[in-house]
Amino acid sequence: MLPILTVYSQANFNLAKYLVPLLNPLIDNDFSSKNSYEFAKDIINQNPNSYMVSYDITSLFTNILLHECITLILNKIFHNRSLYHGFDRTNFQNLLEAAT
């Protein structure tokens with residue numbers, strides 16, 4: 001059993017909450033659901049000849065290298081621009097590192 005932790009009082013909670021709308025456009029694709037309502041709709045409308053796979057997110061996080069993940073995010077955001085929502089690459093990297 002995994003413990004449930006309240007993080008509202010953590011120093012980086014508000015920063016992480018601020019970053020969510022900035023990072024969400026990077027993951028919008030046909031292979032992810034935005035919320036549980038969209039997921040339920042996807043299940044109901046699923047082609048009976050197709051497969052749906054769900055991964056245990058807890059296990060996935062143990063294998064992600066934080067520095068590599070931040071670098072991938074920065075490369076995707078700053079591939080062809082110097083500012084993103086008023087932040088340059090270095091400042092946005094600092095925000096991502098502070099939120100983790």
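Hi everyone. Before we start, the model is predicted, so local features need pLDDT of at least 70 and side-chain atom pairs count only at pLDDT 80 or more, while totals for chains, interfaces and linings use all residues. Residues are numbered from 1 along each chain as its sequence is written, and side-chain values use heavy atoms, with hydrogens and water left out.

Let's begin with helix α4, residues 66-77. Helices here are DSSP runs of H or I with at least four residues, numbered from the N terminus.

Which residues of α4 are buried? They are Ile70, Ile73, Leu74 and Ile77, where buried means under 20% relative accessible area, exposed over 50%, and partly exposed in between, using a 1.4 Å probe and protein chains only. Looking down the axis of α4, these buried residues fall within an arc of 95°, so they line one face of the helix. That arc is taken from the directions from the helix axis to the C-beta atoms. On the other side of α4, Leu72 and Lys76 are exposed.

Now, what do the buried residues of α4 pack against? Their partners are α1 (13-23) and α5 (89-99), with contact meaning heavy atoms within 4.5 Å.

Let's stay with α5 for a moment. Two packed helices are described by the angle between their axes and the distance between the axes. For α4 and α5, the angle is about 145° and the axes are 10 Å apart. Axes are lines fitted to C-alpha atoms, for helices over the stretch in contact, and angles run from 0 to 180 degrees between N-to-C directions. Among the residues that meet are Ile70 and Leu74 in α4, and Phe92 and Leu96 in α5.

Phe92 takes us to the aromatic rings. The whole structure has four aromatic pairs, meaning ring centres within 6.5 Å, with planes under 30 degrees apart called stacked, over 60 edge-to-face and the rest tilted; the rings are those of Phe, Tyr and Trp (its six-membered ring). Tyrosine 84 and phenylalanine 92 have ring centres 5.7 Å apart and planes at 85°, so this pair is edge-to-face. Tyrosine 84 is buried at 8% relative accessibility, and phenylalanine 92 is buried at 0%.

Technical notes: Helices (H or I, at least four residues) and strands (E, at least two) are DSSP runs, numbered from the N terminus. The expected span of a helix is 1.5 Å times one less than its number of residues.
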